[in-house]
Amino acid sequence: MNPTTIRIRGYHLDGYGHVNNARYLEFLEEARWAYFEQHQLLPLLQGDMIVVARIDIRYRRPSTAGDVLQINSHIRDVQPRQMLLTQHILLSGSDNTVVEAGLNFMPVSGQPVRATGFHEPLFNHMIYLSE
């Protein structure tokens, strides 16, 4: 699996000179999309969507302009109606953790949107990726 790499630029910083906590949500989302594309999950949705139902973020250390971050994503657990994805943001070239996140996803479909179960091909592929 290839991690997503993000270089911290000046516009990522807040008034204190480091990345604001809310900005990490964008970094994590970018890494999720890359992970889903890399592992061919999007075509398996068959018109349904996967939405974030819960996110738990732990901020470990600040990052500043010029830092290069690597974001690793991994499916940790899959159930018929939810999936747990873990994401770790590391300072590139080190073992220093910047952010740890755990996300619960639910499949939804229809109009009006309602919770549903994962389609069998998607469910099986996510099980494979979680091993």
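Okay, ground rules. Numbering starts from 1 along each chain as its sequence is written, and side-chain values use heavy atoms, with hydrogens and water left out. Since the model is predicted, local features need pLDDT of at least 70 and side-chain atom pairs count only at pLDDT 80 or more, while totals for chains, interfaces and linings use all residues.

So, the rings. The structure holds 4 aromatic pairs; Phe, Tyr and Trp rings (six-membered ring for Trp) pair if their centres lie within 6.5 Å, with planes under 30 degrees apart called stacked, over 60 edge-to-face, and the rest tilted. Tyr-35 and Phe-36 have ring centres 6.2 Å apart and planes at 65°, so that pair is edge-to-face. Phe-36 also pairs edge-to-face with Phe-105, at 6.0 Å between centres and 70° between planes. That one links distant parts of the chain: Phe-36 sits in helix α1 and Phe-105 in strand β5 (residues 97–109), 69 residues apart. Helices (H or I, at least four residues) and strands (E, at least two) are DSSP runs, numbered from the N terminus.

Buried means under 20%, exposed over 50%, and partly exposed in between (1.4 Å probe, protein chains only). Phe-105 is buried too. Elsewhere, ring pairs tie Tyr-24, Phe-27 and Tyr-59 into a cluster.

Back to helix α1 (residues 21–38): Leu-25 lies there too, and Leu-25 is partly exposed at 38%.

Last stop, Glu-131, in the segment after α2 (120–130). Glu-131 is exposed at 74%, and its C-alpha is 8.4 Å from that of Ile-75, 56 residues apart along the chain.
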